[in-house]
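Here is a walk through one structure. Have the sequence and the 3D view ready.

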Amino acid sequence: MKKHILVIPGDGIGQEVTTWGKAVLEKIGQQGGHEFTFDEALMGHAAIEATGTPLPDETLEKAKASDAILFGAIGHIKYDNDPTAKVRPEQGLLKIRKELGLYANLRPIMLFDELLGASSLKPEILKGTDILFFRELTGDVYFGEKKRSDDRNTASDLMIYHRYEVERIARKAFEAAQARTKRLCSVDKANVLEASRLWREVVQELAKEYPDVETEHMFIDNAAMQLVKNPKKFDVVLTANLFGDILTDEASQIAGSMGMLASASVGDGTGFFEPIHGSAHDIAGQDKANPLASILSVALMFEISFGLKEEAARITSAIDKVLKDGYRTADIADAATDKSKILGTTAMGQKVLEYL
Ligand code: IPM
Ligand code: MG
């Protein structure tokens with residue numbers, strides 16, 4: 001198979017972690033006779049510094065011309081405490097999602113048994129959890145009209161959804177549920193929000209087309225609570241952009257660390273694969289970041305964009321073995337971890353390659 005992959009390292013630890021995602025792609029390429037070619041492009045703070053804009057046209061063109069995109073992370077502390085900044089790194093990510101029509105963000109909460117102790121939640125609550133989030137990615141308050149009054153004292157972000165937007169992501173979630181344990185939980189705030197009432201209406205209608213799937217509706221506040229109370233009760237979770245953003249950060253604790261969670265954004269165009277973690281400037285450039293989420297994002301790329309399930313499984317099982325043999329990055333180490341097996345980014349990346 002011949003594929004062209006665009007690597008967008010982005011900001012902070014993005015460069016360090018995508019190095020290892022790319023290395024895994026190269027390794028599998030050599031092993032399986034696949035031919036992967038690469039290009040690199042700027043986005044986020046790195047792009048603002050170099051070109052003045054968070055998503056240069058050149059990046060977008062390269063993205064459209066590639067078969068898949070491996071992305072690192074975005075953001076810079078400099079903007080976090082400056083609400084008046086006109087240009088922000090995150091605008092690059094939002095724009096590329098919109099431009100590529102990446103309306104479905106898949107976030108699997110995969111639990112490696114060896115990491116049960118790394119979570120702040122009790123192992124017996126976590127064991128056996130396997131959730132697949134479908135977060136809508138190109139609508140909601142993220143893209144609705146933003147306003148600030150002339151006197152600057154009033155602000156609003158419009159929460160807006162169109163029927164077709166709910167329908168297309170809901171279909172993907174129902175189809176995924178059919179291939180899993182046939183349970184789907186749609187999360188909204190239909191007791192308060194009109195946009196959520198449309199959401200629920202559309203999901204209820206579609207549910208009739210998938211009678212084999214057991215469909216449940218839950219309010220976001222309740223879902224946030226149930227997720228830590230009894231995560232095993234969830235299988236496929238379907239939700240809107242903002243709710244999904246918050247809920248998946250919460251869910252990352254189930255997997256032990258944000259450093260373990262990969263995601264796939266798919267829709268009309270080229271698939272986009274990235275860890276759910278941020279740019280973590282506090283540890284950037286110190287060889288401390290966990291490269292496993294980037295490597296797991298590559299596994300998702302193989303499975304979803306290239307249809308290479310066997311290769312995806314090989315990556316996951318290599319990581320599983322690395323963890324079984326006791327190797328950890330600092331973020332997933334616990335009191336029981338052998339100190340000599342706590343690895344930096346580079347050593348962990350190399351370990352995975354070795355086990356592959
Ligand atoms: C995510 C991130 C982004 C989001 C930010 C960086 C814009 O938190 O992908 O979860 O809110 O979607
Ligand atoms: Mg987020």
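How many residues of domain 1 are in contact with domain 2? There are 23, and they touch 26 residues of domain 2; contact means heavy atoms within 4.5 Å.

This is a predicted model, where local features need pLDDT of at least 70, side-chain atom pairs count only at pLDDT 80 or more, and totals for chains, interfaces and linings use all residues. Residues are numbered from 1 along each chain as written, chains are lettered from A and ligands numbered from 1 in written order, and side-chain values use heavy atoms, leaving out hydrogens and water.

Now find the two parts. Domain 1 covers 1–103 + 267–356, and domain 2 covers 104–259. These bounds come from an automatic or database domain assignment. The C-alpha centres of the two domains lie 23 Å apart.

Next, the area between them. About 2300 Å² is buried between domain 1 and domain 2. Buried area is the accessible area (1.4 Å probe) that two parts lose on being put together, summed over both. Carbon and sulfur atoms give 64% of it. On the domain 1 side, R97, Y103 and I276 supply 36% of the area buried against domain 2, more than any other three residues.

One salt bridge crosses the interface of domain 1 and domain 2; the term means a side-chain nitrogen of Lys or Arg within 4 Å of a carboxyl oxygen of Asp or Glu. E114 and K324 form a salt bridge through their side chains, at 3.3 Å from N to O. Among the elements giving two or more residues to the side of domain 1 that touches domain 2 is helix 12 (309–324), helices being DSSP runs (H or I, at least four residues) numbered from the N terminus.
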